[in-house]
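Hello,

Here is the structure you are taking over. My notes follow below it.

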Amino acid sequence: MVTVLLPKIGPVMPEVILSVTGLEKSYDKVIAVAGLDFDIAKGECFGLLGPNGAGKSTTLAMLEGMEDPTRGTVQYYGGPLPSDYQTRVGIQFQATALQDFLTPFDNLKLFSSFYDDPIPMDHLIDQFRLQEFLHRDSRRLSGGQRQRLLLALALVHNPEIVFLDEPTTGLDPRSRRDLWDVVSALKADGRTLILTTHYMEEAEILCDELVILSHGKALLQGPPKQLIADAGVSDLDTLFLSLTGETLVKTQEVMK
Ligand SMILES: Nc1ncnc2c1ncn2[C@@H]1O[C@H](COP(=O)(O)OP(=O)(O)OP(=O)(O)O)[C@@H](O)[C@H]1O
Ligand SMILES: [Mg+2]
């Protein structure tokens with residue numbers, strides 16, 4: 001009998017795309033981010049969950065390379081952020097960044113013209129379902145339509161990492177679910193997604209890995225389901241309440 005000895009293979013570890021060590025950000029007397037450590041795996045949806053002022057947007061700005069940390073580091077594949085990092089990331093701009101005097105079609109054309117090899121416009125129009133309002137005055141778009149357009153604009157240069165700062169705040173339940181579908185499709189494309197939210201349900205549905213922030217510090221981090229199971233509670237809201245004595249906005253309340 002011939003026995004073939006195969007080398008033992010351990011569990012395949014996901015590749016770390018961004019790694020944060022001792023991250024801090026202070027503005028004069030305000031400590032916005034007070035020492036964070038976490039890794040983001042390639043292809044996952046990573047969430048920062050916390051109430052107003054917890055430090056979500058500030059953390060995001062440092063991960064995007066838009067703000068320098070006061071202390072600590074953000075590493076990309078184990079090294080410093082490369083000089084072309086901005087071409088590798090897509091940032092969903094706030095609504096104010098939209099050129100309101102242009103239609104969605106013209107906005108897309110303008111953004112595409114900034115890059116040598118943009119994603120074909122038809123593809124983006126299809127993926128983000130922009131057709132129905134493509135030639136409308138951008139000022140007349142609903143909140144959900146506007147968010148879909150902003151996301152399409154963030155994707156024009158085919159980025160590896162996509163940042164979304166509270167992508168569904170202010171949207172009605174249908175538009176919120178609609179955006180969740182779009183975000184899930186982006187993940188299925190193999191992109192790494194990093195988002196902030198203060199909706200527990202959103203964090204639970206979308207995120208593979210979550211950091212719960214309060215006053216610039218991580219209270220807990222891990223996969224949402226595991227955090228809930230480990231704490232022996234029914235949902236993230238109960239978990240947050242038990243950690244801080246505070247409650248976050250419940251999606252159900254907003255969705256009424
Ligand atoms: N440029 C700045 N100058 C001074 N303080 C700042 C600045 N940016 C943020 N802060 C402060 O840092 C803290 C964290 O703010 P940040 O915007 O990161 O919170 P957030 O979690 O995104 O909140 P929200 O849910 O309201 O968007 C807050 O106390 C905020 O006032
Ligand atoms: Mg914010």
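In β9, Ser 214 has Lys 217 as its bridge partner. The model is a predicted one. Strand β8 (residues 209-214) runs antiparallel to β9, and 5 bridges join the two.

Both belong to an open sheet of 6 strands with mixed pairing, ordered β5-β6-β7-β3-β8-β9. At its edges are β5 (89-91) and β9 (217-222), each of which pairs on one side only. From one strand to the next, the twist averages 15°. Packed on the sheet is helix α1 (residues 56-63), which touches β3 (45-49), β6 (161-165), β7 (192-197) and β8. The direction of α1 makes about 155° with that of β7.

The largest nonpolar core has 58 residues. Helix α5 (residues 143-155) gives the largest share of this core, 7 residues. Among the residues with the most contacts inside the core are Ala 152, Val 162 and Leu 193. Leaving aside residues up to four places away in sequence, Leu 193 touches Cys 45, Phe 46, Val 162, Leu 164, Val 183, Leu 186 and Lys 187.

Two residues other than glycine have a positive phi. Asp 28, with phi near 45°, is in the loop between β1 (16-27) and β2 (30-41). Asp 28 counts as exposed because it has 5 other C-beta atoms within 10 Å, and the cut-off for exposed is 12 or fewer. Glu 166 has a phi of about 45° and is in the loop between β6 and α6 (173-188). With 19 other C-beta atoms within 10 Å, Glu 166 is partly exposed.

Regards

Key. Residues are numbered from 1 along each chain as its sequence is written. Chains are lettered from A and ligands numbered from 1 in the order in which they are written. This is a predicted model: local features need pLDDT of at least 70, side-chain atom pairs count only at pLDDT 80 or more; totals for chains, interfaces and linings use all residues. Two strands pair if DSSP finds at least two bridges between them. Helices (H or I, at least four residues) and strands (E, at least two) are DSSP runs, numbered from the N terminus. Axes are lines fitted to C-alpha atoms, for helices over the stretch in contact, and angles run from 0 to 180 degrees between N-to-C directions. Two residues are in contact if their C-beta atoms, placed from the backbone, lie within 7 Å. A nonpolar core is a set of buried Ala, Val, Leu, Ile, Met, Phe, Trp, Tyr and Cys residues joined through C-beta atoms within 7 Å. A residue is buried if 20 or more other C-beta atoms lie within 10 Å of its own, exposed if 12 or fewer, and partly exposed in between; C-beta atoms are placed from the backbone.
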